[in-house]
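Here is a short briefing on one protein model. Keep the sequence and the 3D view open as you read.

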Amino acid sequence: MSKICLVQGGGRGLGLALVRRLLAADESSRVIATARDPKSHSALTELAQQHGERLQTCALDLADGASIAAAREQVGTLTSRLDLLITCGGILHEGEHMWPEKKLADVDPDNLARAFAVNAAGPILMIKHFHDLLIHGERAVIASLSARVGSISDNGYGGWYAYRASKAAQNQLTRTAAIELRRRSKQLVCVGLHPGTVDTGLSEPFQRNVPEKQLQTPDTAAQHLLEVIAKLTPEDSGQLFDWAGKVITP
């Protein structure tokens, strides 16, 4: 049976690389890629033209609950099941007004709210609205891209208040959802994934501090994440894994 995958944030960066990898991995698989405005992403449009009905696009704004609900309705007209749901969206900085905090004086309530809306609320709303498509008695995976800095026990440097806290909240929400979903489907795996440092717009301002060998291209990161996903079992549900498949403690 062909696999049907949905990639939120599939218009650019790591999300786009995941879409490419999923389409290339199995010629019978189908992918639904979402973006706030799919038509504005030329690479995604070209992929859709190349793969025809195997790649469908859908508008979805991760920071807008109504948009997520509307996207679920549209996806429901395309398929009655999913085998893989990957949520890629996240925010670390935005324009000149939002930047990772170095000290308490930098903490801003609006930036905190924005970080939680995208990094925590967005992924759990994706699970809320789409999980029913993954409960079909066969193996299925919900994977939300998170970050190692969301680990409270791993926090040895401080700073980055909004990003750390919102990612910690995301990890807790993923864990909580996994517990509930396990009661509904023993074959459904719900996890968080840390992709490492990927050469995208999110990490670009901070790449000078990253050792060259630790900076991954989107394609390499996508390959690693899909390898981790392929090995997941129901016993792994609720945990956070890094790109090498190692568990990250909360």
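Arg148 and Asp242 join through their side chains in a salt bridge, at 3.2 Å from N to O. Arg148 sits in the loop between β5 (140–145) and α5, while Asp242 sits in strand β9 (residues 240–242), so the pair ties together parts that are 94 residues apart in sequence. The model is predicted.

**Salt bridges**

- The whole structure holds 7 salt bridges.
- Are the two partners of the opening pair buried or exposed? Arg148 has 30% relative accessibility, so Arg148 counts as partly exposed. Asp242 has a relative accessible area of 7%, so Asp242 is buried. The cut-off for buried is under 20%.
- Arg81 and Asp83 also form a salt bridge with their side chains, at 2.6 Å from N to O. Both of these residues, Arg81 and Asp83, are buried.
- Another salt bridge joins the side chains of Asp106 and Lys103, at 3.3 Å from N to O. Asp106 has 33% relative accessibility, so Asp106 counts as partly exposed. Lys103 has 48% and therefore also counts as partly exposed.

**Helix packing: α1 and α6**

- Two packed helices are described by the angle between their axes and the distance between the axes.
- Helix α1 covers residues 13–25, and helix α6 covers residues 218–231. The two pack at an angle of about 60°, and their axes are 8 Å apart.
- The crossing of α1 past α6 is right-handed.
- From α1, the contact uses Gly13, Leu14, Ala17, Leu18, Arg21 and Leu22. From α6, Pro218, Asp219, Ala221, Ala222, Gln223, Leu225 and Leu226 take part.
- Sorted by class, this contact of α1 with α6 has 9 nonpolar, 2 polar and 2 charged residues.

**Helix packing: α4 and α5**

- Helix α4 (residues 109–130) packs with α5 at an angle of about 20°. Their axes are 9 Å apart.
- Angles under 35 degrees count as roughly parallel. Therefore α4 and α5 are roughly parallel to each other.
- Is the crossing of α4 past α5 right-handed or left-handed? The crossing is right-handed.
- On the α4 side, the residues that meet α5 are Asn111, Leu112, Ala115, Phe116, Asn119, Ala120, Pro123, Ile124 and Ile127. On the α5 side, they meet Ala162, Tyr163, Ala165, Ser166, Lys167, Ala169, Gln170, Leu173, Ala177 and Leu181.
- The residues of the contact of α4 with α5 split into 14 nonpolar, 4 polar and 1 charged.

**Residues in helices**

- Asn171 belongs to helix α5, which runs over residues 161–184. Its relative accessible area is 15%, so Asn171 is buried.
- What does Asn171 contact, leaving aside neighbours within four places in sequence? The partners are Ser146, Ala147, Gly150, Ser151 and Leu240.
- Arg72 is in helix α3. Arg72 has 17% relative accessibility and so counts as buried.
- Not counting residues up to four places away in sequence, Arg72 touches His129, Phe130, Asp132 and Leu133.
- Ala66 is placed in helix α3 too, which spans residues 65–78. Ala66 is exposed, because its relative accessibility is 57% and the cut-off for exposed is over 50%.
- Ala66 and Thr87 are separated by 21 residues in sequence. In space, they are 17 Å apart, C-alpha to C-alpha.

**A residue in a loop**

- Trp160 lies in the loop between β5 and α5.
- Trp160 is not a glycine, yet it has a positive phi of about 50°.
- With 27% relative accessibility, Trp160 counts as partly exposed.

Note on methods
Residues numbered from 1 in each chain as written. Predicted model: local features only at pLDDT ≥ 70, side-chain atom pairs only at ≥ 80, totals over all residues. Heavy atoms only, no water. Helix = DSSP H or I, 4+ residues; strand = E, 2+ residues; numbered from the N terminus. Buried < 20%, exposed > 50% of the residue type's maximum accessible area, 1.4 Å probe, protein only. Contact = heavy atoms within 4.5 Å. Salt bridge = Lys/Arg side-chain N within 4 Å of Asp/Glu carboxyl O. Axes fitted to C-alpha atoms, helices over the stretch in contact; angles between N-to-C directions. Left-handed = near helix turned anticlockwise from the far one by under 90°. Nonpolar A, V, L, I, M, F, W, Y, C, P; charged D, E, K, R; others polar. Parallel < 35°, antiparallel > 145°, perpendicular 65-115°, else oblique.
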